[in-house]
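Morning, everyone. I'll take one structure today and go through its helices and rings. Here it comes.

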Amino acid sequence: MAHGLRARLVADNLPATLCAAALMGLFGALATVVFRELLGWTQMLLGGEDVPHGMVSLARGLDAWQRFLMPAAGGAIAGLILQMAARWLPKRGAADYMEAISIGRGVIGLRQTLARSLSSIFSIGSGASIGREGPMVQLAAMFSSLTGRFLLLPPRHLRLLVACGATAGITSAYNAPIAGALFISEIVFGVISSATLVPLVVSSVVANIVTRQILHYDAVFHMPHFEFVSGWEVINYLGLGVAAGLVAPQFLRFLDLSRATFSRMPFPVWLRMALGGLVVGALSVINPEVWGNGYSVVNSMLHTQWAWQAVAAILLMKIVATGASVGSGAVGGVFTPTLFVGAALGALYASCLQAVLPAGDVSAISSYAVVGMGALLAATTYAPLMSILMIFEMTLSYEVMLPLMLACITGYVIAHRIRPESVYAKSLANNERAQLAVEKSAQDKRENRADPGKNRM
């Protein structure tokens with residue numbers, strides 16, 4: 001049976017390809033559900049009870065000294081896991097699913113991925129300011145890679161299978177089936193074509209059905225209904241897009257600076273990650289909202305009136321906490337922290353408008369917060385179409401589409417002029433350089449074995 005499926009996939013048989021994509025959707029959805037449950041159990045273990053509202057709820061239930069030390073302790077354990085994995089587990093294939101799809105052969109190592117996932121559970125479960133969705137997508141892609149390697153698929157077909165698994169992971173993590181398929185097409189493959197998009201859509205649909213049946217998903221962000229005050233208000237949203245386009249490159253530069261600062265520290269991995277956790281812990285003593293991916297805080301901004309001083313404070317603290325977590329080497333994603341920063345930026349922008357414009361000339365702050373999420377996402381990923389659809393699917397609000405479209409395109413254009421490389425393009429470029437260095441080293445070793453006297457004096 002496996003031999004027959006392999007023959008059909010290699011021959012580009014469309015029904016067989018779509019069946020394989022559906023299977024990857026199932027595997028990817030189950031992988032994300034398992035990771036989510038493991039993370040939930042970790043939160044229950046640390047909190048001593050069920051924590052329905054995530055990491056912020058957990059942080060608020062702890063004493064100040066516990067909030068200060070827990071991220072550092074979790075970071076140290078997570079770092080030790082990564083350190084031991086690097087020393088004892090042989091590296092096989094790409095360390096990241098994007099690398100495996102775009103510049104690799106589609107091979108993702110099982111043991112390294114499981115070790116990194118375990119590390120991420122300790123980092124995220126102890127309060128690191130990163131997204132849990134990154135490890136979910138990596139796990140989903142890894143299972144697809146294992147399936148393709150079992151079938152002995154050639155690299156081109158293996159990469160497509162891994163892409164289907166990654167799409168399933170994104171769909172399951174964000175409850176965004178359309179944006180999940182477009183994310184892989186627009187960002188990872190770099191082109192939207194029917195040859196890749198069709199199987200990705202099939203995988204996305206299956207993954208969404210499975211997760212809805214198991215987890216009973218709803219919209220991630222519940223946005224109140226709003227209407228334009230007047231047609232001229234579109235200029236306000238255009239200004240928000242400009243602000244996002246200016247802020248996004250500085251946000252990415254700060255993350256790059258954080259990585260460079262921690263990498264220069266003469267400490268082992270576990271100690272660097274403990275120091276990063278200590279920064280998050282210190283900030284959480286002042287404001288527990290810096291813990292986790294920030295979903296609950298964004299929902300609070302959408303439904304309650306925040307003072308602009310509180311929004312500005314949590315915005316700055318979240319950026320610093322994210323820089324400390326990402327820079328120290330914690331395994332997780334920056335996608336959801338970017339949404340948080342965008343929401344806070346939009347809310348702060350709306351507060352400024354309400355202060356300078358006549359009363360009644362500005363829509364609800366929640367609308368600007370949602371548009372800010374999409375605008376900053378487009379300005380960091382350089383994928384405006386994906387960003388528009390992602391926010392739409394996460395809010396299920398059609399009313400926000402027009403200002404969202406304008407702000408996303410504006411933010412993308414301005415950010416791209418300031419910084420040509422997106423958050424993912426820079427990472428892929430670094431991975432490609434590292435891969436070329438590894439291949440050159442392997443070639444040198446083969447040449448030395450073929451001519452032992454070549455490098456002798």
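First, a definition: buried means under 20% relative accessible area, exposed means over 50%, and partly exposed is in between, with a 1.4 Å probe and protein chains only. Now the ground rules. This is a predicted model, where local features need pLDDT of at least 70, side-chain atom pairs count only at pLDDT 80 or more, and totals for chains, interfaces and linings use all residues. Residues are numbered from 1 along each chain as its sequence is written, and side-chain values use heavy atoms, with hydrogens and water left out.

Overall picture. The protein chain has 19 helices and zero strands. Helices (H or I, at least four residues) and strands (E, at least two) are DSSP runs, numbered from the N terminus. Of the 457 residues in the chain, 54% count as buried. Contact means heavy atoms within 4.5 Å. Among contacts with a separation of 6 or more, 80% come from residues 24 or more positions apart.

Now helix packing. Two packed helices are described by the angle between their axes and the distance between the axes. Axes are lines fitted to C-alpha atoms, for helices over the stretch in contact, and angles run from 0 to 180 degrees between N-to-C directions. Angles under 35 degrees count as roughly parallel, over 145 as roughly antiparallel, 65 to 115 as roughly perpendicular, and the rest as oblique. For handedness, a crossing is left-handed if the near helix is turned anticlockwise from the far one by less than a right angle, and right-handed if clockwise.

Take α7 (residues 133-150) and α8 (residues 155-174). They pack at about 150 degrees, with axes 7 Å apart. That makes α7 roughly antiparallel to α8. The crossing is right-handed. On the α7 side the contact includes Met136, Val137, Ala140 and Ala141; on the α8 side, Leu161, Val162, Gly165 and Ala166 are among the residues. By class, there are 11 nonpolar, six polar and two charged residues. The classes: Ala, Val, Leu, Ile, Met, Phe, Trp, Tyr, Cys and Pro are nonpolar; Asp, Glu, Lys and Arg are charged; the others, Gly among them, are polar.

Next, α12 (residues 269-286) with α14 (residues 308-328). The angle is about 165 degrees and the axes are 8 Å apart. The two are therefore roughly antiparallel. Here α12 passes α14 in a left-handed crossing. Contact residues include Arg272, Met273 and Gly276 of α12, and Met317, Val320 and Ala321 of α14. That contact divides into nine nonpolar, three polar and one charged.

Which way do α13 and α15 run relative to each other, parallel or antiparallel? They are roughly parallel. The angle is about 20 degrees, with the axes 10 Å apart. This crossing is left-handed. Tyr295, Val297, Val298 and Met301 in α13 meet Thr336, Phe340, Ala343 and Ala344 in α15. The tally is seven nonpolar, one polar and no charged residues.

Stay on α13 (residues 295-303) for Asn299, which sits in that helix. Asn299 is buried, at 19% relative accessible area. Leaving out residues up to four places away in sequence, Asn299 touches Val220, Phe221 and His222.

On to the rings. A pair of aromatic rings is described by the distance of the centres and the angle of the planes. Rings of Phe, Tyr and Trp (its six-membered ring) pair if their centres lie within 6.5 Å; planes under 30 degrees apart are stacked, over 60 edge-to-face, and the rest tilted. How many aromatic pairs does that rule give? Five.

One of them joins Phe183 and Phe335: centres 6.0 Å apart, planes at 65 degrees, so edge-to-face. It links distant parts of the chain, with Phe183 in α9 (residues 177-189) and Phe335 in α15 (residues 335-356), 152 residues apart. Both Phe183 and Phe335 are buried. Tyr382 and Tyr412 also pair edge-to-face, at 6.0 Å centre to centre and 70 degrees between the planes. Tyr382 lies in the loop between α16 (365-381) and α17 (384-395) and Tyr412 in α18 (residues 401-418), so the pair ties together parts 30 residues apart in sequence. Tyr382 is buried at 13%; Tyr412 is partly exposed at 25%. Tyr174, Phe183 and Phe335 form one aromatic cluster.

Last, backbone. Tyr382 has phi near 60 degrees, a positive value in a residue other than glycine. Leu396 also has a positive phi, near 55 degrees. Leu396 sits in the loop between α17 and α18, and at 56% relative accessibility it counts as exposed.
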